[in-house]
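Subject: Structure for your review

Dear colleague,

I am passing on the structure below, with notes on what was found in it. Please read them alongside the sequence and coordinates.

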Amino acid sequence: MAENAVQRETVLSLRETIARIENRRLPGVVKAVKAADPAGFRRKEEGSQTSGRKVLPLGIPELDDILEGGLPLEGMTEIRNSETRDAGAAAGFATALSALCQQARRQTGDVGAPVLWISQSLASTEAGLPYGLGLKAYGLDIRSLILSLPRTVKDALWIAETALSVPVFCAVILEIRGNPASLALSESRRLHVRARAGRIPLLLLRQSGHEEASSAFFRLHIEPAPARERPLPDGSMLCGSIGHPVFHVIAEKSRSPAPVGLFLEWNPHDRRFYPVEPLPAAAAADPEPAHSIARLSASSGRPGGADTLGHLLAFPRAS
Amino acid sequence: MRLVALDGLAEKLGFQLGQGVAEARAMCPDVDVLPADRAADRALLEGLADWCSRYTPLVALDGESGLYLDITGCAHLLGGEKSLLDDLLARLFHLGIEARAAISSSAGLSWAVARFGSQSVIAPEEAARVLAPLPMAALRLATDTIETLGRVGLKQVGDIIEAPRAPLARRFGSTLLLRLDQAMGLEDEPLSPRLAVASLSAERRLSEPVQGEDDILGLTQELAARLKPELEKRGEGGRLFELLLFRVDGRVFRITAGTSSPLIEPGRIAGLFRERLQAVHEDLDAGFGFEILRLSVPKSEKYEVMQEDFSGTPDRQRPLAAFADRVMARLGAESLFLPVLSQSHVPERAAVFQPLADVEMLKTVEEAASAVPANLLVASVRPQRLFQSPEPVEAVAEVPEGPPRSFRWRRSLHRIARAEGPERIAAEWWVDGEKAAERDYFRVEDERGRRFWLFREGHYGGPTQPRWFMHGVFA
């Protein structure tokens, strides 16, 4: 009997450790057992246990559900897009989140906390540099924006780590292109821990990268979606115009996944997201190939024309 | 091919400067001739000048083979002029360099005695006596002047010291008398030191050389702590710090670290050098260790002493400056940028990024932004990302001046669902010239919902065919 109890205690403590690593609230059963600790002391109040994570609610129930309450204000969130030409959408989503962080800071009376945007130079040359006027029109306070363009991924990681140890930034955006080997699981774990220790939201913006295991709380896949039309003062829509940006957000890593994804519109003036219904055209848009012409032989050694794997059998080695 | 420099043995064998190499080989068949490398000679001389800064901060180069050291006020640190000179010559001898030196009250006299004389330390009143037996070349004169003087029998400096000055000046020009006066110490001769003298510096000489990075940083922090009281007394903080590391074999490493705001705390100064040492890690070869470390402050600024308060609002400026300093110490001055808006309609000029040099700039950006008229800031439609240089695309438009129907960018075809525009932006003739083409910007959305900023340069029916470019990406 006693042996049993010891085993149970071990299992419970292990579970608790795992839950702590995963930032998950303890399941009710476990907690009830822990609360009735035979030793007679209580660890913490129930309330403080549940509100352990600082979050920024985004005002949309579905999105907040996915993010378990809102954007984590301490720790890493990954934002990913699959193609370079979608980089604008992902960058826009990250900018919107950092604008929200700025706004939240301002409401607490902390005006002018800077946003640091670290963009590895490969990423910014491929997808364009952040543009001051555009970001300003987008709702970000560019007076407190600092941009860094490190040459290598290693330098970018170092800058991010340094920034996370300084408690001044209200958000740090780290933009990396692809899935470099120098940003693997252990590095992302390191960044995540730093961000949690520094109490700074870190947005890892992975440009045209694949899904990869990382230590981020959540990974969101961002795709562009057709925008609404511009509203006119009388309530009607201006036909053929392009309104506020719309994103298609798919949660790839979350405890409550929504496989269909959400369509969100960012309103720069109100500085908030609004849920929108997908346009029928967008829903019906078939994933047509980017190359409309019939494919001839794929050029070797160049991106863009590579066939899917498994089409050809490998030739026997010549040597 | 001629001989430009000789060593002691070659001089003994009777070679002369300017002699042909073939002739020298005829005189001595197994002579070693090395091709002259002026750049390497210069580098050696500059390295020696750095090394000589262990005696005085004022070191000036003299032509290709000499150094002037202004030791005013430094000699007593090494126990007097004579022992300074002996120390210098002994150390140079051990470095394998044959050197001659003289100390006197004027640069000209030292030059003359070091090359043609034998005395090492000359008192001011001895100038005429020492100078008299030296040849005319000791006065740093042009070769033809020396020859002309020699032809009339004036071969030694002593011949003209007592001679009447007016006829000499009339016949040989004023340079002769100027050089003579400079050598006699009657005329002042300014030396231009290689490097500006730092306003403050602290030095540590070690009996046992150090090699480890941590040792260097520890000593740097100690030196910075020694500088702190003096900086505080002046009410200044350093904007630029320089660490000189004298390696035992005579090589000197000079590492500078800039800051984005005046800095005084020893811990942070050492922290800056920690990043700098990481950055220059490849080039910094400790060899057998460093024997002298010197930390100097070449540039300083007024330092505002701020009192901590209990209001609880965190002071942002200082940790931000610390962060900026660390990043810039490691990755170079051009690694952090601030967006700056300016009054221009051309998109790539309207918002640019400026390197962050000073944390105070964060405030000035605010002022600059408020100086830009409001109608420029609420520019109708601007992308969130802009390409450094617009990328050419192949676009097909339905009507010549209208928006494109489809375009091919980076080898993939985009069909356009909606388009807004055009927004016409004319080139700035005062920058681009009068012939620069106008641009018609369109904001377009393709069928998948991607939003781009395209422009057409020029018009249809104009002198040149219009071209389409991709300039930015919207969210």
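B:Asp62 is buried, with a relative accessible area of 16%, where buried means under 20% relative accessible area, exposed over 50%, and partly exposed in between (1.4 Å probe, protein chains only). This is a predicted model, in which local features need pLDDT of at least 70 and side-chain atom pairs count only at pLDDT 80 or more, while totals for chains, interfaces and linings use all residues. Residues are numbered from 1 along each chain as its sequence is written, chains are lettered from A and ligands numbered from 1 in the order in which they are written, and side-chain values use heavy atoms, with hydrogens and water left out.

The side chain of B:Asp62 meets that of B:Arg115 in a salt bridge, at 3.5 Å from N to O; the term stands for a side-chain nitrogen of Lys or Arg within 4 Å of a carboxyl oxygen of Asp or Glu. Because B:Asp62 lies in strand S1 (residues 59–62) of chain B and B:Arg115 in helix H5 (residues 107–116) of chain B, the pair ties together parts that are 53 residues apart in sequence. Helices (H or I, at least four residues) and strands (E, at least two) are DSSP runs, numbered from the N terminus. B:Arg115 is partly exposed, with a relative accessible area of 29%.

A salt bridge also joins B:Glu275 and B:Arg330, with the closest N and O atoms 3.2 Å apart. B:Glu275 lies in helix H12 (residues 266–279) of chain B and B:Arg330 in helix H13 (residues 317–331) of chain B, so this pair ties together parts that are 55 residues apart in sequence. B:Glu275 counts as buried at 4% relative accessibility, whereas B:Arg330 is partly exposed at 26%.

**Helix H4 of chain B**

In H4(B), B:Leu84, B:Leu85, B:Leu88 and B:Leu92 are buried. Seen down the axis of H4(B), its buried residues fall within an arc of 95 degrees, so they line one face of the helix; the arc is that of the directions from the helix axis to the C-beta atoms. These buried residues pack against helix H3 (38–52) of chain B, contact meaning heavy atoms within 4.5 Å. On the other side of H4(B), B:Phe93 and B:His94 are exposed. H4(B) is followed by B:Gly96, whose phi is positive, near 85 degrees.

**The interface of chain B and chain A**

The contact takes 55 residues from chain B and 69 residues from chain A. Between them the two chains bury about 5,400 Å², 59% of it on carbon and sulfur atoms, buried area being the accessible area (1.4 Å probe) that two parts lose on being put together, summed over both. B:Arg316, B:Arg385 and B:Arg418 supply 15% of the area that chain B buries against chain A, more than any other three residues.

Across this interface the rule finds five salt bridges. One joins B:Arg450 to A:Glu83, with the closest N and O atoms 3.5 Å apart, and both residues belong to a network of salt bridges that also links A:Arg85, A:Asp86 and B:Asp446.

With regards
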